[in-house]
Amino acid sequence: MVAPAPQGVTSPAARPARPRRARRPQWAWRPRRARPGAPALLLLPFFVLFTVCTLIPIGNAVYLSLYREERSGLGFGGVERVFAGLGNYASALEDSAFRDGFLNLALYCLLYIPLMTGFSLLLALLLDSALARAKRFFQLALFLPHAVPGIIAALIWMYLYTPGVSPVIGALDAAGLQADVLGAPVPAVVNIALWEWTGYNLIIFFAALQAIPREVLEASVVDGAGPLRTALSIKVPLIRPSLAMVGLFTVIGSLQLFTEPMILHGAAPGVVTTWTPNMYAYTAAFERNDYGLAAAASVLLALAAAALSFLVTRFSGGRSTEAKGTEA
Amino acid sequence: MSSSSFSRLRASLSDHPGGVGSGTHICGVVVGCQCSAVAPSSALQLHAPDPTQADRDAPSTGSGLIRKKGPNRAWSSGFVAAATALSLATLSACGAGDGADASGQDGPVTITFWGWAKGTKEVVDAFNADQSDVRVKFQEIPSGNAGGYAKISNAVKAGNAPDLYNVEYPQLPDFVSRGAVQDISKYVSADVRSKYLPQAMRLTSLGGATWALPQDVAPQAFYYRKDIFKKAGITSPPKTWDEFRADAEKVKKADPKARIATFFPDDPNTFEAMAWQAGAQWFKTEGETWKVGFQDKATRQAAGYWQKMVDDDLIHVMPSFSQQWTASLQKGETAGYLGASWGAGVLDGTLPDQGGKWAAAPIPTTGGTAASGMLGGTTFAVSKDSEKAEAAVKFAEWATTTEAGIKARIASGTSSAYPAAPELVPVAQRAFKSALFGEQDVYGLYKDATGTIKPDWSWGPVMGTTNNSLKDSFAKAGSGGDDIMAAVREAEAATKKELGNRGIKVTD
């Protein structure tokens with residue numbers, strides 16, 4: 001993300017890795033240039049698949065979003081495609097259910113992103129600390145939930161949330177605690193996502209922590225920093241790019257929230273069929289059979305995702321360059 | 001709700017509307033799923049370690065691979081080739097769908113059929129064994145509202161729909177209106193037409209054409225646990241809704257955890273059947289215009305009644321056919337089920353250990369005079385682009401109007417569908433065996449109830465939208481936020497708006 005920038009080199013220990021990493025591709029590129037056919041050939045499959053699987057569907061979605069289907073009379077006489085301009089976009093934006101979806105998403109993000117990042121970072125720092133025992137075991141154990149496919153995780157959690165079926169709710173009930181988990185969909189979904197993704201992001205943070213040059217850490221010890229100080233002032237700032245990356249992917253991933261609430265919908269009618277924008281698009285297409293509206297909602301969601309990722313990249317990118325300055 | 005939504009009981013992965021296949025269709029539009037977006041880039045991050053890492057944490061096999069040019073190249077081009085081959089294989093696998101074997105002129109005509117109603121496989125097998133002109137290839141799909149309709153719609157849109165599929169009465173006009181169904185009038189003779197119950201035929205004939213063949217008629221029925229009722233001091237099943245309420249109080253009094261039945265917030269069809277029974281008519285046609293009104297006296301009355309049952313905690317509020325509902329039935333905390341004819345088969349399959357404990361009764365009414373709405377009921381529809389409509393209709397006709405067809409379904413032991421062809425009711429009656437209901441003649445009861453189905457109800461052409469709206473607002477009604485009538489009003493507004501969107505004329 002910030003590869004070619006570091007001119008004001010100050011911390012000798014932190015530096016050597018970066019210019020080398022930036023230079024390596026250039027050096028590797030040169031011999032290939034002699035045979036221009038090879039890269040093109042190797043890139044071809046990507047561009048073919050990218051076109052077939054991404055560009056064409058997006059194009060098709062945009063096209064669909066500009067049309068609507070019209071009938072006449074009682075509606076049994078056949079369907080006519082009519083150009084609707086931005087009509088579908090207007091109806092999506094007008095629909096309070098669609099806007100509520102974004103609201104739910106915002107609540108979800110507000111709760112989920114800090115919790116998930118916090119947990120992952122905390123656990124990664126604990127694993128990385130000199131005191132940790134059985135690191136491999138914990139790495140694996142913490143990662144394991146992520147190995148469970150999201151849809152299965154959601155089904156398992158649905159079972160655990162459902163009163164009358166769940167042993168957990170049953171136990172709470174027996175203890176005199178009435179827990180209506182399904183009545184509060186946002187925390188219920190956040191909990192599933194946390195369970196699924198904390199271990200995964202923990203591994204990313206842990207790998208980044210492992211890559212911190214030993215000299216820096218030694219220097220901090222020599223300077224008298226305790227483990228906590230080292231973690232907060234040395235480790236966390238140094239893995240900021242990883243934090244930014246996790247933030248970016250989490251934001252995009254969150255915008256696409258679909259599987260977990262869709263599964264929960266079966267047990268909790270409170271998770272309405274338009275609970276997230278993605279569910280809104282699904283419902284519009286497959287329950288209301290309005291493909292134009294569904295396409296418009298999807299395009300709007302994609303735009304929101306693009307805008308948000310731009311902001312996150314911008315924001316975190318700026319922060320990490322700044323951080324470099326202050327480290328000095 | 002289907003005549004066989006029980007397949008939702010077995011909500012397996014592929015069954016669910018959130019199933020991977022259907023979900024990704026939309027996701028594809030957006031930047032990419034979380035998993036696929038994260039994996040490659042983070043792999044890059046992980047596999048490009050700083051050299052300094054080597055002396056900190058030993059295993060540096062990754063960097064070794066990257067440095068050595070030779071093996072790396074070979075590895076990556078091999079990988080790309082493999083990946084490409086794999087993707088192309090996947091793509092071509094997607095392309096070749098059904099309908100490929102269309103041109104079997106000499107042999108039997110092969111048609112494809114999607115459905116979910118219980119006993120369908122047995123019917124198809126019997127048909128294939130019975131004659132050699134038409135071969136039916138049957139694929140079981142999730143029940144309509146549990147993802148089946150989404151699957152069919154998708155296939156129709158993509159041009160690879162099966163020749164024949166099941167649609168329930170409420171959804172049929174919607175399917176017709178969006179051009180997913182073929183007009184089969186010319187394949188259905190007057191003779192065949194006359195075999196079906198007129199009410200059923202009326203619901204499959206829209207705008208002067210015949211669009212589907214009815215499989216079953218679904219009069220309402222009330223199923224209850226005899227033992228729980230007895231313990232609560234209820235001697236005979238309720239005849240009126242007032243008695244039903246009184247009995248509900250008794251059931252709750254006898255066991256504070258038990259309730260007489262369940263309000264399904266996710267299932268508008270049950271409520272619609274109540275409104276239908278009370279004499280409501282949400283959709284009427286006047287010439288070329290739809291007259292839409294959900295707020296008549298009958299609907300208001302039904303809404304008020306159920307609202308009060310929910311508010312006074314006299315009835316459970318649980319999703320239909322959910323694990324929660326099933327568990328509550330199994331524990332004896334739900335003493336009854338307000339369903340339809342096909343419900344006996346569902347209960348029988350769900351509650352294997354409650355043999356002999358259940359009984360069926362006519363659905364209670366407001367004034368005491370027997371009356372019924374219809375809750376679900378399935379039809380056979382031929383998809384728009386099928387070139388084998390005649391063969392498809394032949395099978396549908398066989399399945400719904402012949403003794404062998406009905407017998408195969410009911411003898412499967414899983415279905416209590418009430419045939420839409422009245423002549424064949426005795427066949428079903430003889431074939432039906434249920435451990436749950438013992439010796440009770442449930443078909444006799446359905447027969448009487450069928451005679452009392454109010455004849456004037458029609459389904460609207462945008463039931464997808466109507467039901468979706470009801471479902472989402474009922475969820476709020478269940479949790480005490482809004483009331484049922486508000487949900488009905490909202491659904492009416494949504495329906496009218498949608499009709500307008502589609503260019504269909506509508507008045508109040």
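Q: Why does Asn289(A) count as buried?
A: A residue is called buried if 20 or more other C-beta atoms lie within 10 Å of its own, exposed if 12 or fewer, and partly exposed in between, with C-beta atoms placed from the backbone. Asn289(A) has 25 C-beta neighbours inside 10 Å and therefore counts as buried. The model is predicted, and local features need pLDDT of at least 70, side-chain atom pairs count only at pLDDT 80 or more, while totals for chains, interfaces and linings use all residues. Residues are numbered from 1 along each chain as its sequence is written, and chains are lettered from A and ligands numbered from 1 in the order in which they are written.

Q: What makes helix α13 of chain A mostly covered?
A: In this helix (residues 277-286), 10 of its 10 residues are buried. Among them are Pro277(A), Met279(A), Tyr282(A) and Phe286(A). In chain A as a whole, 41% of the 328 residues count as buried. The chain holds 14 helices and two strands.

Q: Why does Ser65(A) count as buried?
A: Ser65(A) has 25 C-beta neighbours inside 10 Å, and therefore counts as buried. This serine is found in helix α2 (residues 37-65) of chain A. Leaving aside residues up to four places away in sequence, Ser65(A) touches Asn88(A), Tyr89(A), Gly292(A), Ala295(A), Ala296(A) and Val299(A); two residues are in contact if their C-beta atoms, placed from the backbone, lie within 7 Å.

Q: Why are α6(A) and α8(A) oblique to each other?
A: Angles under 35 degrees count as roughly parallel, over 145 as roughly antiparallel, 65 to 115 as roughly perpendicular and the rest as oblique. Helix α6 (residues 150-161) and helix α8 (residues 185-210) of chain A pack at an angle of about 135°, with their axes 10 Å apart. The two helices are therefore oblique to each other. The contact joins Gly150(A), Ala153(A), Ala154(A), Trp157(A) and Tyr161(A) of α6(A) to Ala188(A), Ile192(A), Trp195(A) and Glu196(A) of α8(A).

Q: What is the division of chain B into domains?
A: Domain 1 covers 107-218 + 376-420, and domain 2 covers 220-375 + 434-507. Domain bounds come from an automatic or database domain assignment. Taken over C-alpha atoms, the centres of the two domains of chain B are separated by 26 Å. Their contact takes 21 residues from domain 1 and 20 residues from domain 2 of chain B.

Q: Which element gives the most to the side of domain 1 of chain B that touches domain 2 of chain B?
A: That element is α8(B), with four residues.

Notes
Axes are lines fitted to C-alpha atoms, for helices over the stretch in contact, and angles run from 0 to 180 degrees between N-to-C directions.
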